Amino acid sequence: MRSFFLLTVFASLAVTGFSQPSDFISVKKRNNRTLRSYFTGSAISCQTVYGNYLGGMVYAIRNDSVFIKEYDVRSGPNMWGVAKTDTLGTYVVGVHYKDIEVVDIKKRQSFGYIRNGTLLIVGGLGYAVLNIINGKYLNESITGPENRKSLGIALGVAGTGFLMNRLYKYNNSKKRRYRIEYIRMEMRAL
């Protein structure tokens with residue numbers, strides 16, 4: 001029993017001692033700050049220098065190449081005639097890490113609809129339309145001094161939202177503001 005325990009401990013140490021971690025790629029800003037790292041099993045979405053869009057799971061990273069497992073998902077009718085989405089197959093695409101031009105780094109944006117002005121546009125125009133409809137229903141003048149003040153504020157809010165929408169910068173710009181580094185993890189002899 002004691003020899004079996006020692007054999008089990010030795011075998012587990014041997015397995016962990018000879019295992020090699022896999023390589024990975026890291027997306028860094030110009031100031032050397034890491035934005036995101038991609039390992040085997042990570043979800044990735046990117047565009048190559050050739051214009052191809054790749055999206056799927058990282059299957060492997062080795063020899064300066066990233067292998068992405070893509071899923072062919074299509075919609076087709078089932079036996080009742082209703083559209084059903086199904087995976088037809090999977091395939092692995094290899095790309096050199098220097099051929100990746102843009103990586104889609106999805107940053108979580110809290111209140112993104114407020115930052116891009118959509119809420120202000122909808123609120124301002126909605127209030128203006130509602131004010132006009134209520135004015136017609138109650139036979140009030142649209143050009144009255146109190147109503148003009150309310151319409152002016154509502155259209156000013158909508159205009160501010162429109163301006164914010166034009167000035168808002170989306171994350172997925174085509175400009176490459178970062179660099180992709182290949183980090184090789186290899187065992188070195190002591």
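Colleague: In what order do the 5 strands of the open sheet stand?

Modeller: This is a predicted model: local features need pLDDT of at least 70, side-chain atom pairs count only at pLDDT 80 or more, and totals for chains, interfaces and linings use all residues. Residues are numbered from 1 along each chain as its sequence is written, and side-chain values use heavy atoms, without hydrogens and water. Strands (E, at least two residues) are DSSP runs numbered from the N terminus, and two of them pair if DSSP finds at least two bridges between them. Pairing here is antiparallel, and the order is E6-E5-E4-E3-E7.

Colleague: Which strands stand at the edges?

Modeller: An edge strand here has a single partner strand, so one side is left without a neighbour in the sheet. That applies to E6 (83-96) and E7 (100-103).

Colleague: Which residue stands opposite Cys-46?

Modeller: Strand E3 (residues 43-48) pairs with E7 in the antiparallel sense over 3 bridges. In E7, the residue opposite Cys-46 is Val-103.

Colleague: What is the phi of Asn-63?

Modeller: Most residues other than glycine have a negative phi. Asn-63 lies in the loop between strand E4 (53-62) and E5. Its relative accessibility is 60%, so Asn-63 counts as exposed (over 50%; buried is under 20%, partly exposed in between; 1.4 Å probe, protein chains only). Asn-63 is not a glycine, yet its phi is positive, about 50°.

Colleague: And what is the phi of Asp-64?

Modeller: Asp-64 also sits in the loop between E4 and E5. Asp-64 counts as partly exposed because its relative accessibility is 24%. This residue other than glycine has a positive phi, near 60°.

Terms used
Helix = DSSP H or I, 4+ residues; strand = E, 2+ residues; numbered from the N terminus.
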